[in-house]
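Here's a walk through a few spots worth a look in this model. Have the sequence and the 3D view open as you read.

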Amino acid sequence: MNQPVPSSAQHDALQRSDELARRLRAQTGGRVLFGAGDRARYATDASIYQITPVGVLVPREVQDVISAIDICAEMDIPLLPRGAGSSQCGQTVGSALVIDNSKHLNGILDFDPAARTVTVEPGIALDALNAWLKPHGLWFPVDVSTAAQATLGGMAGNNSCGSRSIAYGNMVHNVLGIRAVLADGTDAWFGPEADAASAPARVQELATRLRAIAQAEHEEIAARVPQVLRRVGGYNIDIYHPQSPRPYTADGHVNLAHLLVGSEGTLAWFRELRLRLSPLPTARALGVVNFESFYRAMDSAQHIVTLKPSAVELVDRTMITLAQGNPAFRPVIERALIGEPQALLLVEFAGEDAAVQRGRLKDLVALMSDLGLPGSVVEMPEAAPQAALWNVRKAGLNIMMSMKGDGKPVSFIEDCAVPLEHLAEYTRQLTEVFHRHDTEGTWYAHASVGTLHVRPILDMRHGDASKMRAIAEEASALVRRYKGAFSGEHGDGLVRSEWVAWQFGPRLGKAFEAIKDSFDPRGLMNPGKIVRATRMDDESLFRFPPRYETVRITPALDWQTWNVRRNPRTGEQTAPGTGDDRTLGFGKAVEMCNNNGHCRKFDAGTMCPSYRVTRDEQHSTRGRANTLRMALSGQLGPDAFTSDEMRATMDLCVSCKGCKRECPTGVDMARMKIEFLHAWKEKHGLRMKERLIATMPLWAPWAARLPALFNLRDRLPGLPWLSEKLWGFSAKRRLPVWRRDTFLGHAQGVAAHEADVVLFVDTFNNYFEADNARAALAVLQAAGYKVHIARAQSLRGRHERPLCCGRTWLSAGMVEQARAEAQRVVDAMAPFIARGLPIIGLEPSCLLSFRDEFLSMGLGEPARALSRLSVLFEEFLLREQEQGRLNLPLQALPEKQAWVHGHCHQKAFDAFGPVHAILRWIPDLEVNVVQSSCCGMAGSFGYDAHHYDTSMAMAELSLLPALREAPADALVVADGTSCRQQIQHGLDDAAPRPQHLARVLERALAQPR
Ligand SMILES: Cc1cc2nc3c(=O)[nH]c(=O)nc-3n(C[C@H](O)[C@H](O)[C@H](O)COP(=O)(O)OP(=O)(O)OC[C@H]3O[C@@H](n4cnc5c(N)ncnc54)[C@H](O)[C@@H]3O)c2cc1C
Ligand code: SF4
Ligand code: SF4
């Protein structure tokens, strides 16, 4: 096909972009990302918009940014600073050179614990800063919900506000100074106005102009700037004539940094931020107030805040119901309920003295009684139920965000703030607005400061842009009537900049333009935001514009669950497969990523190991989902789904399923990778190494018969090197050792008709670690179970090749062969499925594929029944014990400590808890759970020579360092075959050898008292 000939304007733009990239490469040490895939990954944030940037610079050091600013000034190319890109309003998308601060510019530069100040680089994430501060008893208290990924530069850019803003204020109240670089290269600290006298001439002149602008607008500021804490729209011109109920500075002086806060990258690039810290509260008490009506809850907020709580958060009926429907959350939410309330307010008191906080809880009880609601408060003075309830509130939001269908909750009026006395009327009237437009919204968030998050459900690709504007107009009229702020948390960006002049009036609109021009006369910093804005409903800027289409593909797996339609008003969803999607649901599953950036978190949980070690957008779940979306919608050119770009983007995904569990919208990249690998294989074929690994279950019986031959690779010098050169197996690793004494070759269980449980032994435990399977059999038999060992159906009177879950085939995208293996398992298990027997497995990635991948292979009801009966060894034992059916006396072991690492799939399926719970049954054993992400081995991933360094870097993130702390005589427990291989490879020979839980239990059985 002929490529379209670019117009002369496009040609010029391409030439300029090439020239920019060339100069950046020559004059900076940063990574210069100008390829189509990289630009696509930076074209979106958590808003509804998409604009492809000119290119991306990931600076290694500050000087790189300074050089880039000079080059852009010379070439007249706009600049756009970016942190995590979690903005909801489109602040971080634009046709500009994006500067991504988050990878390298994340240092802590200065810390003064006595003065309680810290100076940081802009790319540090809030959670990283607070983790560093914790040992000092301090924190930076602007606790945004996106704390795991939000950077301090981005938080300052947006004037972000946390759940506890009523106690601590917004960013503007907590920033002491900003060292900023202007578009003309001026590099200076912005702080108290008086200090400007000793600043560079450009800053002195700027300070004079800014004061003149503010003085001219003195009356307008008083008349137009909303007097609410949560006002983040426009520029903070009121620092000269404060309207915020909370003072910007203790003594009333003007701090010029406060004008930069909330400027959304439109005035300057922040290179350093000096922040005020607060003591970390050591005592919290929570009161949950139950209301019979939503209106009453909203009306009460104004009275509750007089008790000076640190947070007042709303949970509405929808979320209560969602939580009650989830077995894990039901007991938590029900502990907070009195009867059947329509809304809850979670009222938190925090400080240093627990007794004082409990006293304040009593004040809340008394207040509610005075307000005519006696007996409406559930008191929670203890930390554990408080934490559990906060988690429910977060999860409720996630469930809402994971709504399927083209209609999605859209953020554009989600942070309007109104004075508390009007909150009840405002929410009532806004609900009427939604109903008039045939949609619905769910309410949550910060009642304490009058900012209630609400997202009406709209379908932007089917013409709901006009509805969005109409709702915005009606909502804004309400906000104005109640003297509120149209943006109380998320800023202006593309969705609200258009409203700035409307809200603040034409005079202040002009004043904002004058402020912008004083800092950035050539309009190079993030143009089109706050002033001189585009229309919010400019469809050409939408991520999903009308007529958005995907290419037509037939996926190898079943994605029809996502191929549905949903009624925005009633929430009713059509049956799977009825959504008319050209990718049969695959594209829709990809589109579930709403770009919130949570997969950039770095400490808790599993997601996303490849991002954690690379800190590259490309190697985050979001980067992958965005690349897939752009490829599937034809925006990366023809055949992009099977392109080298796509392969590079998927390459470091270790299929850990961390995202399946931890992504708020359940993006399941491990499954998407199978789909990609399948398409790749169809187009490009497989390499020898991939084929060898995929077909291992076929040739494994031969290897077990001739182990000496198959083990030669690690016995003869030079062969590891050769295997790396020929096939890409890393010479640095030893391969698993083949043995003659396989488990299935020798083990005896009971006959099928006598069985009360079935043991499924996977390829890895059968051939390489048969002792694990023997131990599991011994433990189950010791507990009195009649164990049948699962085998393939015998066709010719002899045993067939062992059963296999098909995982090795899936890792090469060989879905048809994996399906055939799955079908063999389902067939072999049919008699036991019919009898409802538990089917027990040892290797998490194998057994759990019965509960996951098998269900997407079109195997019907038998596979669903198998999935319901399949359990891991540890899950089975714990369940039996909880139901009082287990008799497994265990005795103390010589080891006094156990260190346990969970396999990622165990964690993804909530099946890791049973491992440490069971280890605690062993007398006198102290159990330490290692807080680790993926071990980095991930099946064959770590054996690949190209992946070796990444694999080891994943292990070194937390797993290996934690295990090096374990005493030499400790037990190390890891149920995953790959995890054990990685741990053994990564620790020295003196370290304890990792074991499967079954081996530990077997020894505890055998141990004499
Ligand atoms: C699910 C969800 C929940 C959220 N909850 C909250 C919440 O509780 N409270 C809240 O306030 N917000 C919230 N947000 C919005 C957003 O997460 C915050 O505003 C966050 O602080 C942005 O940080 P970031 O690093 O992602 O910044 P980015 O989105 O990358 O950037 C934000 C702005 O700052 C500018 N900027 C970034 N770095 C610099 C720099 N070095 N110099 C100059 N300008 C810079 C950018 O140009 C942009 O205009 C939420 C968003 C989502 C998706
Ligand atoms: S993949 Fe999930 S966690 Fe990551 S940005 Fe998308 S929705 Fe958020
Ligand atoms: S499966 Fe694991 S590595 Fe892959 S995107 Fe998800 S969290 Fe990241």
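## A strand with neighbours on both sides

Glu 313 has His 446, in strand E17, as its bridge partner. This is a predicted model, so keep that in mind throughout.

How many of the residues of strand E13 are buried? The count is 6 of 6 for this strand, which spans residues 311-316, so E13 is largely enclosed by the rest of the structure. In a regular strand, side chains alternate between the two faces of the sheet. For E13, one side carries Ala 311, Glu 313 and Val 315, and the other carries Val 312, Leu 314 and Asp 316. Every one of these residues is buried, leaving both faces covered.

## Around ligand 1

Next, the shell around ligand 1. It's made up of 34 residues, with Pro 81, Gly 83, Ser 86, Ser 87 and Cys 161 the closest. By class, the shell splits into 12 nonpolar, 19 polar and 3 charged residues. Strand E3 (79-82), helix H5 (152-158) and strand E10 (269-276) each put in at least two residues. Which of the elements gives the most to this shell? That's H5, with 5 residues.

| Residue | Part of the residue | Distance to a ligand 1 oxygen |
|---|---|---|
| Ala 84 | polar backbone atom | 2.9 Å |
| Thr 146 | side-chain N or O atom | 2.8 Å |
| Glu 264 | backbone N or O atom | 3.1 Å |

Taken on its own, ligand 1 has 970 Å² of accessible area, and the protein covers 96% of that.

## Around ligand 3

Ligand 3 has 14 residues around it, and the nearest are Cys 608, Arg 624, Cys 653, Cys 656 and Cys 659. Sorted by class, its shell holds 9 nonpolar, 3 polar and 2 charged residues. Helices H20 (609-614), H21 (621-632) and H24 (669-684) each contribute at least two residues to that shell.

Is Ser 300 buried or exposed? Its relative accessible area is 4%, and the cut-off for buried is under 20%, so Ser 300 counts as buried. Ser 300 sits in helix H10, which runs over residues 294-304. Its side chain comes within reach of the backbone oxygen of Arg 296, at 2.8 Å. Setting aside neighbours within four places in sequence, Ser 300 is in contact with Phe 291 and Met 368.

Over in helix H38 (residues 913-919) you'll find Val 915. Why does Val 915 count as buried? Because its relative accessibility is 2%, and buried means under 20%. If residues up to four places away in sequence are left out, Val 915 touches Glu 874, Val 900, Gln 906, Val 973, Asp 975 and Leu 997. Another residue to look at from here is Pro 844, 71 residues away along the chain, with 12 Å between its C-alpha atom and that of Val 915.

Key
Residues numbered from 1 in each chain as written. Chains lettered and ligands numbered in written order. Predicted model: local features only at pLDDT ≥ 70, side-chain atom pairs only at ≥ 80, totals over all residues. Heavy atoms only, no water. Buried < 20%, exposed > 50% of the residue type's maximum accessible area, 1.4 Å probe, protein only. Helix = DSSP H or I, 4+ residues; strand = E, 2+ residues; numbered from the N terminus. Pairing = 2+ DSSP bridges. Near = heavy atom within 4 Å. Polar contact = N/O pair within 3.5 Å; in protein donor to acceptor, adjacent residues only side chain to side chain. Areas by Shrake-Rupley, 256 points an atom, 1.4 Å probe, with all protein chains shown as cover. Nonpolar A, V, L, I, M, F, W, Y, C, P; charged D, E, K, R; others polar. Contact = heavy atoms within 4.5 Å.
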